[in-house]
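Me: I am new to this structure and would like a guided look at it. Could you put it up, please?

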Amino acid sequence: MRIIDIAIRKLINGKTGGAAALIFALILSFTAFSGRILSDSLFLGANNLKERLGADIAVVPKGEEESYQGIILSGEPVECSIERSLESKLIAIDGVEKVTPVVYLASLNASCCSVPIQIIGYDPETDFVTTPWISEGYVKDNKDGSLIIGYNIAADSEDTLTFFGRSYEIRARLNKTGTGMDKSVYVTFDVMEQLIKDAREKGVSFGEKDDITETDRITDSYVSAFLIRVKEGYSPDQVTGTILRDIPAGVVQSKNVFSSVTEGIGVISDFIRNITIAVLFIVSFVTALLHIYRVENRRKEWAVYRMMGASGNWILELIFTETVLLSIVGAVAGVGLGALVVFPFSELISEQLKLPYLRPDLLEIIKGVLFSIGLTAFSSIIPGIIAGEVAAGTECYVLMREGES
Amino acid sequence: MKNKVLAIITIIFGLLAAIGPKTIFPVCKAGEMKMRCFYTARWELVVGVAAVITGILLLIISKEIIRAVLSGVQIILGVFIVLIPTAIVGVCGSPMMHCVTVTRPALIVIGTLHILVSSTALIVSLRESSGKRIGLKVA
């Protein structure tokens with residue numbers, strides 16, 4: 001019988017005395033796996049955000065710069081208004097290639113649950129940030145519908161959504177971004193007018209403008225923000241400076257949104273890495289002690305092997321195999337437990353972190369699994385050798401007669 | 001001893017599934033209109049209570065074959081704990097709702113662990129009934 005067979009049988013029958021060591025291996029691989037998936041997801045989300053931002057500069061009402069970041073990153077509803085007449089001034093600024101106005105409106109009620117969703121109005125004539133991201137696979141047959149929904153928005157069975165008591169047909173769905181854009185609904189300005197009117201009846205005002213009469217087209221006078229693309233050869237900083245000088249509004253640069261995100265992710269992933277290293281050292285130390293303890297408890301067993309002709313090396317090898325096997329079993333359980341926490345709770349994690357969060361693909365997940373199991377198995381090598389040496393080093397006679405007087 | 005510990009763990013999971021959706025990881029607040037997650041919480045209460053009762057029987061009955069059957073029942077109840085919020089009843093449609101981000105994943109985790117523990121209890125009972133001495137360390 002080979003050593004590995006003996007070790008496996010001992011493990012199945014629970015005769016290794018290594019339950020505690022198994023739990024520590026589980027803790028290590030759980031930490032390594034969930035930590036790795038978490039930081040992978042955050043980096044993926046950040047990369048996606050960079051591609052997805054589309055506009056270089058956003059012009060928002062003064063004081064609303066923070067709320068604009070909230071929309072982009074976590075889909076937090078916001079309401080603000082800025083005069084539409086600024087659009088012509090913006091397009092005239094040197095270095096501005098494209099300008100498109102957007103309108104933000106917070107809903108009270110969507111599909112089944114009353115939940116505040118951000119409704120974003122875009123101008124189809126000038127838009128360059130929303131429509132390029134429509135997922136081809138999701139375009140419905142009837143393209144006349146009026147809503148484009150973010151990836152995470154659930155539609156009812158008839159592909160409609162109800163806002164302020166009126167139901168709208170869904171036209172398309174956007175690709176997953178892992179950002180707040182997944183939790184928004186996009187409409188054209190015509191639909192937005194209807195929504196604003198309905199919203200007003202339900203007591204939701206748009207930007208609290210008193211000088212708008214019922215018949216006015218609100219979006220002709222006021223919008224929530226302007227998104228700007230800078231001409232090639234001009235730097236966003238340069239254009240931002242001109243806008244701040246000429247136009248009474250706040251400015252958010254996309255690169256600032258992005259750098260604030262990567263900063264946050266950097267802190268988190270450093271923290272995850274440090275925790276994993278700390279756990280690795282603690283677990284290696286504790287499991288070394290636990291393995292010595294379990295080997296000490298089986299001294300009579302080693303004596304029997306020695307009497308049957310087993311060499312010290314053979315015993316060392318058996319203990320080493322047992323130790324590594326125990327840690328691999330613990331590691332597999334830890335990865336399972338990690339998957340059970342990280343994947344179902346991904347929505348909650350992304351909501352709590354308020355950072356873009358995109359689950360890695362299968363290949364990355366498999367890499368994570370192998371990494372965690374490998375790391376845990378690695379952590380058991382030195383404890384295994386130490387425990388093996390302890391058992392193999394003692395003389396047979398001493399082992400057998402121990403405890404007798 | 002091993003059986004008693006496993007039975008107590010299934011009772012704890014049953015309790016969590018029964019009262020968790022109303023207390024620890026609550027579903028969305030029901031207004032005038034009852035939402036889907038409200039019914040999920042109600043069904044989990046039924047399944048959870050059933051799991052608790054089965055767990056108590058597992059604790060007090062010592063005949064292995066009956067314990068094996070009860071463990072089988074626990075496995076099925078665990079499957080229901082997972083399926084109610086995911087397939088049978090479901091939760092609210094919007095991804096930002098509390099029942100989607102917290103209640104559903106919590107029930108998936110509890111249900112999966114319940115299935116694993118009940119499966120271990122089943123193996124332990126079957127092995128004991130066939131007269132073998134075993135001792136599984138891994139759940």
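Me: Which residues of chain B does the UniProt annotation "transmembrane region" cover?

Reply: That annotation, from an unreviewed UniProt entry, covers residues 41-61, 68-91 and 106-126 of chain B. UniProt positions are given in the numbering used here, feature names are shortened, and annotations may be inferred rather than shown by experiment. Please note that this is a predicted model, in which local features need pLDDT of at least 70, side-chain atom pairs count only at pLDDT 80 or more, and totals for chains, interfaces and linings use all residues. Residues are numbered from 1 along each chain as its sequence is written, and chains are lettered from A and ligands numbered from 1 in the order in which they are written.

Me: How much helix is there over residues 106-126 of chain B?

Reply: That stretch is 100% helix and 0% strand, with its end C-alpha atoms 30 Å apart. Helices (H or I, at least four residues) and strands (E, at least two) are DSSP runs, numbered from the N terminus. Residues 68-91 of chain B are 88% helix and 0% strand, and there the end C-alpha atoms are 33 Å apart.

Me: Where is B:T112 found?

Reply: B:T112 belongs to helix α4 (residues 98-129) of chain B.

Me: Is B:T112 buried or exposed?

Reply: B:T112 counts as buried because it has 20 C-beta neighbours inside 10 Å. The cut-offs are 20 or more other C-beta atoms within 10 Å for buried, 12 or fewer for exposed, and partly exposed in between, with C-beta atoms placed from the backbone.

Me: What does B:T112 touch?

Reply: Leaving out residues up to four places away in sequence, B:T112 touches A:L340 and B:V82. Contact here means C-beta atoms, placed from the backbone, within 7 Å. The C-alpha atoms of B:T112 and B:V79 are separated by 7.6 Å, although these residues are 33 apart along the chain.

Me: Turning to chain A, how many helices and strands are there?

Reply: Chain A has 14 helices and eleven strands. Of its 405 residues, 43% count as buried.

Me: Which residues of α12(A) are buried?

Reply: They are A:G368, A:V369, A:S372, A:I373, A:L375, A:T376, A:A377 and A:S379. Their cover includes α2 (19-52), α8 (254-296) and α10 (312-342) of chain A.

Me: And what are the domains of chain A?

Reply: Chain A is divided into domain 1 (3-47 + 261-401) and domain 2 (62-248), with bounds that come from an automatic or database domain assignment. Eight residues of domain 1 of chain A are in contact with five residues of domain 2 of chain A.

Notes
Contact = placed C-beta atoms within 7 Å.
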